[in-house]
Amino acid sequence: MPIGTKKAMFRNTLIIGALLLCMTGFSGASGIEAMSADTSQYGDTFIADQDGYFTKTTSTIAPSVSRKGEIIHIIGAGETISEIAALYGLKSQTILWENDVNPLRIRGGEKLLIPPFDGVGYTVKKGDTVAKIATTYKVPATDILSKNNVTTIKIGEKIYVPNAKPIVNASPRNIAGRSTSVRTPLANNNVGPAVGKILIYPTMGSITQGYKSSHHAIDIANSNKPPIWAAADGTVIKASSGTWAGGYGNHVIIDHGNGVKTLYGHLEYLDVNVGDHVKQGQVIGKMGRTGRVRGVTGIHLHFEVIENGVKKLPSLFW
Ligand SMILES: [Zn+2]
């Protein structure tokens, strides 16, 4: 919308106010779109006050200040998700869960919906009760009410479930030539990957061997053989199964673009084929012990991050 006259600016203000009314009634995603009529510059922040008006601020918000509403953040040039998260006193994963963005490819000028506290957004459906939502997400019902500053919930209303993780629906895939034995779904479907700066930690388990001159990777072990998650969106460029493969055993390589690739070794089986496009957090296989694994590590994931052909310290990316 062109600006330059007081009249136009006044009109903008009215539109933002009107759109905000829509926002408060519907999900936050539409709120981001609604804000496209604003006249902000990169790095601007809008805060919805208690009366529902957006107030533009140029000052940093103290993370300790409690906020009732969501905030629209306009990404500044060069800003990262972790920097933005720190600005609002939130975990990166909270922002990534709420916004359909690839942390590798965020751009200045894009808008992010900043939840009021760590947790996941949830739109109340018919038949929902606070107790039911609390059970689903394994959080105290009283926390849901107090953090959202409400005494009851209404159908269609968006709330945030404090300190919850998104429900991961990991349905097993059938791939030709691979065993179709029954898989164990993610425990209670309530375990999701922890989201980092660029890459997520690709499975559940502890690091049994770190990155060093003789091992340009990390090993993550877990005798429960958990699912392996794609560390970021990308394309599967290698899906090797049934061979020693130089010690990697069954392994997957994903190309994430921007010169970044990740490798996942020793899998029990793969859930992807070459050419598959995967989303961050998508299950690509199961932890196993194929290839060269030793007693100390046994069942584990060998995880490499390759940037422009160089195997980098994975923790630099989360
Ligand atoms: Zn290793």
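This is a predicted model: local features need pLDDT of at least 70, side-chain atom pairs count only at pLDDT 80 or more; totals for chains, interfaces and linings use all residues.

Colleague: Okay, what does Lys-311 form a salt bridge with?

Modeller: With Glu-304, and the closest N and O atoms are 3.3 Å apart.

Colleague: And is Glu-304 buried or exposed?

Modeller: Buried, because its relative accessible area is 3% and the cut-off for buried is under 20%.

Colleague: How many salt bridges does the count come to?

Modeller: Four. One of them joins the side chains of Glu-268 and Lys-225, at 2.5 Å from N to O. Glu-268 sits in the loop between strand E12 (260-265) and E13, and Lys-225 in the loop between E8 and E9, so the pair ties together parts that are 43 residues apart in sequence.

Colleague: How accessible are those two, Glu-268 and Lys-225?

Modeller: Glu-268 is partly exposed at 30% relative accessibility, and Lys-225 is partly exposed at 25%.

Colleague: Switching to the metal. Which residues are the protein donors of the zinc ion?

Modeller: His-215 through NE2, Asp-219 through OD and His-302 through ND1, lying 1.9 to 2.2 Å from the zinc ion. Along the chain the donors follow the spacing H-x3-D-x82-H. His-215 lies in the loop between strand E7 (206-209) and strand E8 (218-221), while His-302 is in strand E16 (residues 300-307), so these two tie together parts that are 87 residues apart in sequence.

Colleague: Are the two histidines, His-215 and His-302, buried or exposed?

Modeller: Both His-215 and His-302 are buried.

Colleague: You mentioned E9 and E13. In what order do the strands of their sheet run?

Modeller: It's an open sheet of three strands, E9-E15-E13, with antiparallel pairing. Strand E9 (227-229) and E13 stand at the edges with a single partner strand each, so one side of each has no neighbour in the sheet. Two bridges join E13 to strand E15 (residues 283-286), and Leu-270 stands opposite Gly-285 in E15.

Colleague: Where is Val-272?

Modeller: Val-272 is in the loop between strand E13 (269-270) and strand E14 (277-278). It is buried, with a relative accessible area of 1%. Its C-alpha atom is separated by 7.5 Å from that of Val-236, 36 residues apart along the chain.

Colleague: Which way do the side chains of strand E3 point?

Modeller: Ile-71 and His-73 point one way, Ile-72 and Ile-74 the other way, and all are buried. E3 pairs antiparallel with strand E4 (residues 111-114) over four bridges, and Ile-72 stands opposite Leu-113 in E4.

Colleague: Back to the surface: which residues form a nonpolar patch?

Modeller: Tyr-211, Leu-313 and Leu-316, with about 250 Å² of accessible area together. Leu-313, in the segment after strand E17 (310-312), is partly exposed at 32%.

Colleague: Last one, what's the overall picture?

Modeller: The chain has six helices and 17 strands. Of its 318 residues, 46% count as buried. The chain exposes about 16100 Å², with carbon and sulfur atoms supplying 54% of it.

Conventions:
Residues are numbered from 1 along each chain as its sequence is written. Side-chain values use heavy atoms; hydrogens and water are left out. Buried means under 20% relative accessible area, exposed over 50%, partly exposed in between (1.4 Å probe, protein chains only). Donors are N, O and S atoms within 2.8 Å of the metal (3.2 Å for Na, K and Ca); water is not among the atoms, so sites may look incomplete. Two strands pair if DSSP finds at least two bridges between them. Patches are made of residues with over 30% relative accessible area and no salt bridge: like charges are joined within 9 Å, nonpolar side chains (Val, Leu, Ile, Met, Phe, Trp, Tyr) within 5 Å. Accessible areas come from the Shrake-Rupley method with a 1.4 Å probe; for residues, only the protein chains shown count as cover.
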